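Hi there,

Here is the structure I promised to pass on to you. Have a look at it first, and my notes follow below.

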Protein chains: 2
Amino acid sequence: MYRTHTCWELTAKEAWKTVTLCWRVNKVRNLWWMSFIDLRDRYGITQITHDPAKSKIEFPDVKSEYVVQIVWEVVARPESMINKDMATWAIEINTLEVKVLTKAKLLPFSIVDEPNTSEENRFKHRYLDLRRRKILDNVLFRSKMLNFTRNWFSDKWFVDVQTPIFTVSSPEWARDYLVPSRINPGQFYALPQAPQQYKQLLMVGGIDKYFQIAPCFRDEDPRADRHSCEFYQIDCEMSFVNQDDVYAIVEWYLNQLIPTLSPHKKITVAFKRLKHREAVDQYWSDKPDLRFGMSLVDMTQDFAQSWFSVFKDTVAANWTIKAMKFENKILTRKEADELTEEVKKNGAKWLAYLCFDAEWVKWSIAKFFTPEEMETIKTKTWATTGDSVLFVADAYDVVTTALWRLRIYIRDKYLNLNKDDLAFCWIEDFPLFEMTDEWKLDFCHNPFSIVKWWAEALNNSNKLEIYSEQYDLSCNGYEILSGSIRNHDPELLLQAFKMVGRGEDEIKQKFGAMYEAFQFGPPPHGWFAIGFDRLLMILKDEENIREVYAFPKSWRAQDVMMGAPWFVDQNQLDDLGIELNAKTKKLLQA
Amino acid sequence: MYRTHTCWELTAKEAWKTVTLCWRVNKVRNLWWMSFIDLRDRYGITQITHDPAKSKIEFPDVKSEYVVQIVWEVVARPESMINKDMATWAIEINTLEVKVLTKAKLLPFSIVDEPNTSEENRFKHRYLDLRRRKILDNVLFRSKMLNFTRNWFSDKWFVDVQTPIFTVSSPEWARDYLVPSRINPGQFYALPQAPQQYKQLLMVGGIDKYFQIAPCFRDEDPRADRHSCEFYQIDCEMSFVNQDDVYAIVEWYLNQLIPTLSPHKKITVAFKRLKHREAVDQYWSDKPDLRFGMSLVDMTQDFAQSWFSVFKDTVAANWTIKAMKFENKILTRKEADELTEEVKKNGAKWLAYLCFDAEWVKWSIAKFFTPEEMETIKTKTWATTGDSVLFVADAYDVVTTALWRLRIYIRDKYLNLNKDDLAFCWIEDFPLFEMTDEWKLDFCHNPFSIVKWWAEALNNSNKLEIYSEQYDLSCNGYEILSGSIRNHDPELLLQAFKMVGRGEDEIKQKFGAMYEAFQFGPPPHGWFAIGFDRLLMILKDEENIREVYAFPKSWRAQDVMMGAPWFVDQNQLDDLGIELNAKTKKLLQA
């Protein structure tokens with residue numbers, strides 16, 4: 001046994017015992033009369049001193065990052081000297097022996113201070129990067145969140161099922177990762193983008209509540225909030241639920257997770273609900289950051305008769321005018337110019353602004369408005385003295401895009417939002433269909449979501465106004481959950497497929513197992529999936545999702561530490577019955 | 001809300017309430033005066049009756065496997081009628097409404113009785129197979145074992161780390177599954193055979209205790225105790241441990257897991273320890289089934305001077321004689337012939353047998369032995385009256401193979417072993433090196449295991465007698481764990497590699513990250529990995545590992561339900577820069 005205790009474990013219970021500890025040297029400070037040595041393990045840091053003049057033991061030469069083994073005699077402090085609040089202070093220690101277990105070369109970057117190096121270099125030596133408290137904390141937090149989550153769902157009778165990692169390609173959705181099969185030449189497995197079909201089949205099989213922290217695989221280009229190769233989701237499917245039942249489970253989980261694991265975080269917007277149409281109209285986003293206001297207010301009809309010709313002409317052209325309140329802010333001329341530049345960058349010709357301040361009102365566009373129009377602006381935007389209101393008048397897409405980007409710009413530059421505020425918002429009533437670029441009707445998202453108001457809705461003559469019971473949950477501008485109530489009725493499913501010009505043959509070919517399973521008494525069921533890594537990233541204030549993985553991929557989807565991906569031997573390809581195609585071979589020769 | 005309660009949840013607390021339940025019809029029995037309907041959910045089965053003459057409600061026509069929604073009024077039973085031991089018996093129910101939610105076609109096989117169909121057909125409709133109590137129990141048990149295991153290790157301060165699923169090829173070990181990279185053309189990821197290097201790097205990073213129920217991927221041919229594509233292991237690595245520390249953790253875990261989850265199982269052999277050499281000599285197996293005796297006893301030298309020429313000649317030829325006691329069994333002539341046939345099938349020329357019974361001794365080979373030789377046989381095999389002793393005299397490999405197979409044959413045919421007995425045995429002191437077919441020295445198993453008795457041992461002139469601190473744990477004839485103490489000293493590692501004619505260049509090329517990491521103060525560390533599925537298979541008495549997966553692959557590594565693997569579109573291959581090779585194309589055209 002190398003060690004009897006870890007750091008911070010020693011208390012008066014160990015008094016008069018001899019203990020052995022294995023620690024890493026954090027820092028050494030040699031003064032002329034004495035050395036101070038900080039020792040570290042995963043559990044904490046402690047300092048020991050070494051006085052060469054008084055010491056009776058041989059003290060080896062130690063440097064930062066060496067691993068040492070120390071033998072201590074634990075001595076109880078006299079009663080009068082005990083600090084009752086700190087159990088570890090009830091004792092003193094007497095060093096009997098110090099032994100260097102392994103030595104360390106000089107590290108390529110500091111792990112005590114902020115590392116002055118590139119992300120690539122950190123990732124290449126991730127095993128050293130992990131010694132930094134911040135990264136270590138992320139890894140420890142992830143473990144705690146895994147444990148909390150699994151216990152939470154297990155306690156609620158959810159069954160943890162490991163669905164297959166080797167499955168079939170579903171090119172309908174994102175791009176699949178493929179694995180050539182050696183035993184079945186010419187054929188490929190696909191890694192699951194999500195365990196969708198399997199979890200629906202579990203419902204048919206009678207597992208009425210399923211969950212899994214499921215690895216998912218999508219061959220997409222990396223992004224700051226999207227890890228390449230694999231990512232994890234808290235994946236659930238439940239029988240006999242409607243939308244409110246699903247919401248209740250998710251809110252219950254988050255309302256317990258956050259105070260338990262991140263007590264400093266506060267839920268400031270507790271699960272507001274916005275229809276997808278409203279979210280788009282008000283924020284031009286299906287994942288709006290609701291920690292602050294600044295929703296987009298449509299004022300087109302309010303200026304139809306305006307004396308202000310720019311606005312009046314916009315309305316006449318069937319274009320749009322939207323307003324956005326900038327609360328507690330009277331713009332300076334310079335700031336107004338800066339914001340105008342921003343909207344111009346995003347395609348708008350002009351930014352109109354109105355500051356509710358005596359001085360400004362005099363010479364701003366206010367002079368073009370009637371008192372009634374001013375009143376309407378105030379009422380609709382809730383603006384009062386001290387606020388500004390910003391307008392863009394243009395084509396609908398231009399207006400919304402420009403104001404949406406301006407809203408984010410103002411957030412990042414002017415609003416000092418509290419990172420510990422969490423604003424959760426359900427986005428619901430997604431349209432079932434959309435028009436493709438070729439002006440064909442197709443499914444907007446998942447064709448297996450149930451149609452809202454059932455079969456009657458499918459008869460709606462405006463197919464784009466048919467909604468599905470599908471929902472997302474956004475938090476602080478990130479999408480952290482998707483879900484829906486499923487369409488478990490094979491006839492209704494067929495009807496929906498037929499509306500986009502796809503028939504039973506296609507369903508049978510692409511979703512054969514599920515379509516057949518639905519003939520055998522499926523229960524009504526619904527699902528959700530929470531982006532585990534993304535939620536973790538928000539709770540740990542990370543802006544780059546890669547930092548919440550112990551061993552992340554780089555922005556080129558590479559593991560620079562292990563050198564993955566890499567070239568393989570010809571005989572490995574031969575075994576699999578594949579080869580590089582001509583284009584790739586040429587590329588590699590170049 | 002579709003349901004307010006699940007089966008077995010209703011107690012007196014619900015008295016005078018109206019409850020809604022959603023259940024599946026298990027069986028309907030229509031008698032002329034009344035119908036009995038068994039209803040089922042994951043939690044249990046209950047029976048309701050329907051008397052058409054008395055019923056005031058409209059009762060729909062229900063068939064097996066329909067999903068129905070029932071509204072009940074719960075009525076408390078009079079105090080005198082309550083069975084205190086069964087909470088659910090404190091109430092009576094009054095059916096108010098029955099509604100069919102979904103109908104079911106006739107199932108392709110019975111899920112109530114034993115299914116009279118092929119494994120392929122069951123797997124094709126696994127969602128129906130899951131409705132069978134036995135398979136459902138496996139899925140529920142798996143979930144419980146996942147939860148128990150994760151909590152157990154978390155409670156002991158192990159950190160759950162999800163190591164990458166996309167990593168680099170390691171053709172040293174088994175065959176890798178490869179994933180072509182789209183972003184890095186011509187390069188491939190490999191799925192991890194085990195997270196070995198990552199978990200060692202976690203130790204260097206300061207995560208002193210790591211665990212994960214890790215998905216592992218090896219492209220091997222399927223076997224009854226080996227699932228194709230993916231399997232799971234309880235994967236651990238610990239800093240500052242020696243072999244006994246690792247054993248203690250594993251034994252502690254199993255000693256708590258088994259009584260908690262499978263209280264009917266008894267550990268009858270509690271972690272015996274056998275050196276690898278002993279296991280091979282005594283059982284010709286590194287995973288012997290120790291629920292029964294019948295070890296192989298070497299008696300070669302005891303018959304060097306025997307009058308029994310067959311034995312004497314064997315010794316003279318430098319061959320081997322081994323004996324095996326068949327306890328409490330006097331063979332009939334027919335049985336002796338049958339066992340002789342068995343050893344002949346396995347290459348031995350002859351089986352000698354000696355039954356310690358007055359009648360037999362007269363005319364058996366006993367007559368060739370001196371009283372001293374008879375005494376030696378009894379002493380060495382512990383045979384007494386009523387036992388038989390079986391001998392094979394031949395070349396070492398022939399003797400051991402024949403007796404090893406005979407031992408299993410006798411177990412399966414003659415010994416009625418209790419499935420609930422668990423015999424655990426550590427196999428340790430594996431040789432570090434072996435001779436390859438080309439008579440070259442190479443690593444026997446993992447080159448990263450530490451050498452036993454450290455650097456001195458490497459100077460041993462017989463390289464095959466150098467042992468490593470590597471160990472397996474066997475249970476009832478299955479290997480359920482592997483592990484070792486690691487060689488964390490880069491110099492000693494290099495020395496070992498050099499002995500098999502491999503140098504620093506190769507280490508750096510193949511294990512570069514780890515070799516470099518070891519320059520920065522690695523802690524001493526060790527590992528084990530328990531085959532999660534295999535342990536589960538033993539605890540659930542399954543002989544086929546496929547049954548412990550919710551969605552197993554067939555013996556052709558296929559998911560026959562989803563149709564995986566399958567052919568993919570040409571554009572998917574184009575995206576990845578690969579194509580089928582000429583041989584595969586030709587095969588597919590044929």
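**Notes on the model**

I'll start with H3(B): its 23 residues should span 33 Å at 1.5 Å a residue, and this agrees with the 32 Å that separates its end C-alpha atoms. The expected span here is 1.5 Å times one less than the number of residues. Helices (H or I, at least four residues) and strands (E, at least two) are DSSP runs, numbered from the N terminus.

Before going further, a word on the source: this is a predicted model, in which local features need pLDDT of at least 70 and side-chain atom pairs count only at pLDDT 80 or more, while totals for chains, interfaces and linings use all residues. Residues are numbered from 1 along each chain as its sequence is written, and chains are lettered from A and ligands numbered from 1 in the order in which they are written.

**More on H3 of chain B**

The buried residues of H3(B) are B:Ile135, B:Asn138, B:Val139, B:Arg142, B:Ser143, B:Met145, B:Leu146, B:Arg150 and B:Phe153. Buried is used for a residue with 20 or more other C-beta atoms within 10 Å of its own; with 12 or fewer a residue is exposed, and in between partly exposed, the C-beta atoms being placed from the backbone. After H3(B) comes B:Trp157, with a positive phi near 70 degrees.

H3 (residues 133-155) and H5 (residues 243-261) of chain B have axes that come within 11 Å and cross at roughly 145 degrees. Axes are lines fitted to C-alpha atoms, for helices over the stretch in contact, and angles run from 0 to 180 degrees between N-to-C directions. On the H3(B) side the contact is made by B:Lys144, B:Met145, B:Phe148 and B:Trp152, and on the H5(B) side by B:Tyr253, B:Gln256, B:Leu257, B:Thr260 and B:Leu261. Two residues are in contact if their C-beta atoms, placed from the backbone, lie within 7 Å. By class, this contact has six nonpolar, two polar and one charged residue. Ala, Val, Leu, Ile, Met, Phe, Trp, Tyr, Cys and Pro count as nonpolar, Asp, Glu, Lys and Arg as charged, and the others, Gly among them, as polar.

**The sheet of chain B**

Chain B has an open sheet of eight strands with mixed pairing, in the order S6-S9-S10-S21-S20-S19-S16-S11. S6 (159-160) and S11 (266-275) of chain B are at the edges with a single partner strand each, so one side of each has no neighbour in the sheet. Strands pair if DSSP finds at least two bridges between them. S9 (residues 209-217) and S10 (residues 230-239) of chain B are antiparallel and share nine bridges, with B:Gln212 opposite B:Asp235 in S10(B).

H3(B) lies across S6, S9 and S10 of chain B, at about 150 degrees to S9(B). H4 (residues 196-205) of chain B also packs on the sheet, where it touches S9, S10 and S21 (525-531) of chain B, and its direction makes about 25 degrees with that of S10(B).

Elsewhere in chain B, S2(B) and S3(B) form a hairpin with two residues between them. Seven bridges join S2 (residues 35-41) to S3 (residues 44-50) of chain B in the antiparallel sense, and B:Ser35 has B:His50 as its bridge partner.

**Chain A**

Chain A holds 17 helices and 22 strands, and 41% of its 590 residues are buried. Its C-alpha trace spans about 95 × 75 × 60 Å along the principal axes.

In chain A an open sheet of eight strands, with mixed pairing, runs S6-S9-S10-S21-S20-S19-S16-S11. S10 (residues 230-239) and S21 (residues 525-531) of chain A are antiparallel and joined by seven bridges. H6 (residues 276-283) of chain A lies across S11 and S16 (421-431) of chain A, at about 120 degrees to S16(A).

**Where the chains meet**

How many residues of chain B are in contact with chain A? There are 108, and they touch 108 residues of chain A. H3(B) gives the largest share of the chain B side, nine residues. That side has 61 nonpolar, 25 polar and 22 charged residues. The two chains also pair through S22 (residues 578-580) of chain A and S22 (residues 578-580) of chain B, antiparallel and with three bridges; A:Glu579 has B:Glu579 as its bridge partner.

Best wishes
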